[in-house]
Amino acid sequence: MREAPDRGGEGEGWRMRLLVVEDEEDLAEAVRLRLVRAGYAVDVAGDAAGARDRLAVNAYDLMLLDLNLPDDNGFDLCREIRSGDIEVQGGTDLRVLMLTARGGLDDRVRGLDEGADDYLVKPFALAELLARVRALLRRDTGGTTAVVQVGALRLDAARHAASLDGDALHLTRKEFGVLEYLMTRPGHVVSAEELLEHVWDENADPFTQTVRVTVGTLRRKLGPGQLIETVVGRGYRLKEAL
């Protein structure tokens, strides 16, 4: 696979949960590692059956889908998602980026007609893959750039940079992910379960206090203004007016 120069640096992606459906283990692992380095929570399925199982249990923001799977093809799986024929926790509007060596016009047109949001032909540069993932996730949240601003809080996903009143915030990947998820939903109550689903991967233990601890350390770094409110029994909310 070609690795083009990537100026985004570490942590450039929107902190969301992705599913990679790819039966070539080396390629799947290379893509997974690069996405994790960019700050995403990533699960992997090696066939369509595994993908269906994970889609029924976990809420994904985007699926990277290979067309040639050992037990089915990506066209059928994408069509099942769009038609509601299979259970999808994230909803039938789940973003789908098809990854395939089949680059003919007919295949690309069919992929889009079956419900794919984008189509990337192998071999591809990982930098381009990440750019397409960012673009699809920005579309999902209504954004047009990798920069989000809520009052005095500013977050640049492409540069993995966040600031408050112009002062840089030094955040861990998970703190950055939680802040980004809350900033794309200002004023909305986000449950701990939702944060766990979208910022962590399937290896996270749902019975730990990892979300509470991460929110606590993030609050301390944001200072005494209590920008993140706890809504008792429901979750957390980022104040709209900062």
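**A charge over a ring**

User: Over the face of which residue does arginine 185 lie?
Analyst: The model is a predicted one, and the positions discussed here are computed from it. Arginine 185 lies at 3.7 Å from the centre of the ring concerned, and the residue that carries this ring is tyrosine 181.

User: How many aromatic pairs does the structure hold?
Analyst: Rings of Phe, Tyr and Trp pair if their centres lie within 6.5 Å. By that criterion, the number of aromatic pairs in the structure is zero.

User: Which residues does leucine 129 touch, not counting residues up to four places away in sequence?
Analyst: With residues up to four places away in sequence set aside, leucine 129 touches Val31, Leu64, Leu97, Leu99, Leu120 and Phe124.

User: Which elements do the buried residues of H7 pack against?
Analyst: Helix H7 spans residues 192–199, and its buried residues are Leu195, Leu196, His198 and Val199. These buried residues of H7 pack against both strands and helices, namely strand E1 (17–21), strand E2 (41–45), helix H6 (173–183), helix H8 (210–222) and strand E11 (235–238).

User: Does alanine 168 count as buried or exposed?
Analyst: Alanine 168 lies in strand E9, which covers residues 167–169, and it touches Ala162 and Ser163 when residues up to four places away in sequence are not counted. The cut-off for exposed is over 50% relative accessible area. Because the relative accessibility of alanine 168 is 55%, this residue counts as exposed.

User: What percentage of the residues of the protein count as buried?
Analyst: The protein has eight helices and eleven strands, and its accessible surface comes to about 11,100 Å², of which 47% belongs to carbon and sulfur atoms. Buried here means under 20% relative accessible area. Of the 242 residues of the protein, the share that counts as buried is 49%.

Definitions and conventions:
Residues numbered from 1 in each chain as written. Predicted model: local features only at pLDDT ≥ 70, side-chain atom pairs only at ≥ 80, totals over all residues. Heavy atoms only, no water. Contact = heavy atoms within 4.5 Å. Helix = DSSP H or I, 4+ residues; strand = E, 2+ residues; numbered from the N terminus. Buried < 20%, exposed > 50% of the residue type's maximum accessible area, 1.4 Å probe, protein only. Areas by Shrake-Rupley, 256 points an atom, 1.4 Å probe, with all protein chains shown as cover. Phe/Tyr/Trp six-rings, centres within 6.5 Å; stacked < 30°, edge-to-face > 60°. Lys NZ or Arg CZ within 6 Å of the ring centre and 35° of its normal.
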